[in-house]
Amino acid sequence: MKSIRRQLTLTILTGFGLLLIFSGTAIYFFTRVALLAEFDAGLRAKAFTIMSLAEQGQDGVQFELPDDFFKGSDGGATPQFYELWRTNGTVIARSESLNDTELPDHFGPAAAPQYWNLNLPGGRAGRAIGLEFFPKAEDEDGKKFAPAEAVVVVAADRRSLDQTLDTLTTVLALTGLLTIAITVPVVNFSLCRSHAPLGRLARQAAAITADSLQTRFPVDSMPEELRPITSRLNDLLGRLEESFERERRFSADLAHELRTPLAELRSLAEVELAWPETEDAEKHRETLNIALQMEAMVTRLLEMARGENRKIPLQPETVLMFPLLDEVWRPLAGRAKKKQLTFTFNVPPDAVLQTDRTLLRSILANLLANAVEYTPQNGRGEIRWEKDAGELTVSNTVHDLDAADVPHLFERLWRKDKSRTGGEHCGLGLALSRTFAGLLGFDLKAGFDNGQILTLHLQTLKSPQNK
Amino acid sequence: MRVLLVEDSQRLQKSVGKALHKSGYAVDTSGDGEDGLWLAESNDYDVIILDIMLPKLDGLTLLHRLRKKGRQTPILLLTARDTVEDRVKGLQMGADDYLVKPFALQELLARIQALCRRHYDSKTNQVVIADLEIDLTAHSAVRAGKALDLTAREFRLLEYLALRRDHIVTRDEIETHIYNESADLMSNAVDSAICTLRKKVEPLGSPPLIHTRRGLGYTLKEPS
């Protein structure tokens, strides 16, 4: 399984290791260059000393070197080598330490002498400098001689230099390994600590069940990087809680809507069986009403299920809005008149929709029936067709609704009356209308004005034919 | 026994009310929580049957207010809410029983009877006073081995006296527990009912069991 902590540990350690190798190599390289330069400077000084001691005389180049000249600070423990030639190959002088061996006659001009590594007599590693020069061609009396070119090669044991470089290599390698060894637990510990909030978040998330959806993750105590995730998780929990609450409400409402008429039916029958009375048409009417109420609810639930599963076949046709609204309004007109409602129709006679007439009729019947039912006595309403917006609005005054109710209007089985008294309306009409509107490619929304006017908007422009 | 039924479904009010009435209970009904609370506070009921989802004031709030005021009337919640949480909540708020709709009428009546018994600290369905045996479940009474022919109301009166045996029961208490609020009672209705019951419970030659305490009321007890 992919682990962020493992991946980060590996990346940090690899990066850190490469950095260590690079820095170690750089340190080694620059130290080596510096030490070699210092070593070469020593060789050059000795070569220049020999050059200054060599003189051109009557009998050729004269050279005399004091015995303890090369002894240096170690008292001559480290052997030093030199050899002085004429350019024709004649040896002018050489150190005793060379015994029978010869130093190679590599050289460069005095301004840019040649340096190289070589094996010294005895097989030890050494380093040498070689340069050509013109010995001083004037004696103490001011007599001048013809200048004759000479070559000097000075070599020295470089064992101490190599030992210093070896020690440096060892120190750098050990330091690198030790640093890595310390870095591994430090990085691990640091990542563990910085990932602790993630672990806490995971544990809290795992503890959330359907019964504890009100839980929210603490945002303020989270690291900055986790705050957006935590906020999104809290939003998600909020939506989940709302959805669960809606489902719970739906189940409870459905239980009530089904159980109450069943209880009515059962108790009616049991009472009649226990204490039979003479045939009473009222009892049969009651039984029929209960059956019709349950049938209406079951029919609506089934229609909604079919609608949600898109199992209602659509037959689009050209529908003239005004005649359809008139047809839907006619059975409601009596009730509206009884309540002394004033409804105005602002729908042009040529308003037309290309849609399924049956479903549209069902939507309009529900919207208009609700408007008549819930408009208070002497209230008013309006049915308006907005051609440009492709929208039909049904507005009416209401008295027991407030803005907080609007988001619930389309919930299945929602009723303003929490006691759910009476069985004529079970709260499925608007939910069903919205499902049907969705099937037709329409949108059904609700709005609420401060003036206690509820407006339902049937937006039809989603359907391209209805523009 | 007097029962208050608070239920917003008119149909259930009618059918359950009728069943209770036929079983000999005095029944008052109410269709909303506010009216139900007023009735429950104003009268001394033996049992209250209470729906939860009620207009104006929900059943649980009604229950809470009654208990807060110290009313210990047994309450049976009769509701469509069937989840464990709903039952637990109802019982924790002070209900004595919980029945989910739809329900069997016999079960409802049996539960009401059990609540009545519990209200009067009676553990059994049989009350025996001398040679009078009263079966509270079968709604029957036998005196000296002979079954008594009692109407539902007569049986309820006998049952009420039996549950409060050896105690003096006042006329007001009998009125309150045997007759419903709408009954148009004549001033001597209780005395008349006791007289009728006496004739049936104490046939000629039988020792008297229903004793009159002048100025106080009546008591059902073994002959001294």
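Why does Asn234(A) count as buried? At 11% relative accessibility, Asn234(A) falls on the buried side, since buried here means under 20% relative accessible area, exposed over 50% and partly exposed in between (1.4 Å probe, protein chains only). This is a predicted model, where local features need pLDDT of at least 70, side-chain atom pairs count only at pLDDT 80 or more, and totals for chains, interfaces and linings use all residues. Residues are numbered from 1 along each chain as its sequence is written, chains are lettered from A and ligands numbered from 1 in the order in which they are written, and side-chain values use heavy atoms, with hydrogens and water left out.

**Chain A and its helices**

Back to Asn234(A): this residue sits in helix α3 (residues 227-274) of chain A. Helices (H or I, at least four residues) and strands (E, at least two) are DSSP runs, numbered from the N terminus. Leaving aside neighbours within four places in sequence, Asn234(A) is in contact (heavy atoms within 4.5 Å) with Arg216(A), Phe217(A) and Val219(A).

Chain A as a whole has seven helices and 15 strands, and 37% of its 467 residues are buried. Of the contacts in chain A with a separation of 6 or more, 63% are between residues 24 or more positions apart.

Helix α7 (residues 429-439) of chain A is largely enclosed by the rest of the structure, because nine of its 11 residues are buried. Among them are Leu430(A), Leu432(A) and Phe436(A). The buried residues of α7(A) pack against α4 (281-308), α6 (357-374), β14 (443-449) and β15 (453-459) of chain A. After α7(A) comes Gly441(A), with a positive phi near 85°.

Most residues other than glycine have a negative phi, and most peptide bonds are trans. Here are some spots that go the other way.

| Site | Backbone value | Location |
|---|---|---|
| Asn99(A) | phi about 55° | loop between β4 (91-94) and β5 (108-109) of chain A |
| Lys101(B) to Pro102(B), cis | omega near -10° | Pro102(B) in the loop between β5 (97-100) and α5 (105-119) of chain B |

Asn99(A) counts as exposed, because its relative accessibility is 54%.

**Where the chains meet**

The contact takes 22 residues from chain B and 23 residues from chain A. Together the chains bury about 2100 Å², 60% of it on carbon and sulfur atoms; buried area is the accessible area (1.4 Å probe) that two parts lose on being put together, summed over both. Arg11(B), Lys18(B) and Met53(B) supply 31% of the area that chain B buries against chain A, more than any other three residues.

**The second largest pocket**

A pocket, on a 1 Å grid over the protein atoms alone, is an open set of points where a 1.4 Å probe fits, with protein on both sides within 12 Å along at least five of seven lines; lining residues have an atom within 4 Å of a point. The second largest pocket holds about 760 Å³ of space, a volume being the space filled by probe spheres set on the points, which are joined across faces, edges and corners. It has 29 lining residues, and the closest to its centre are Arg248(A), Arg249(A), Ala252(A), Arg81(B) and Asp86(B). The elements giving two or more residues to this lining are α3 of chain A and α4 (84-92) of chain B. α3(A) gives the most, with seven residues.
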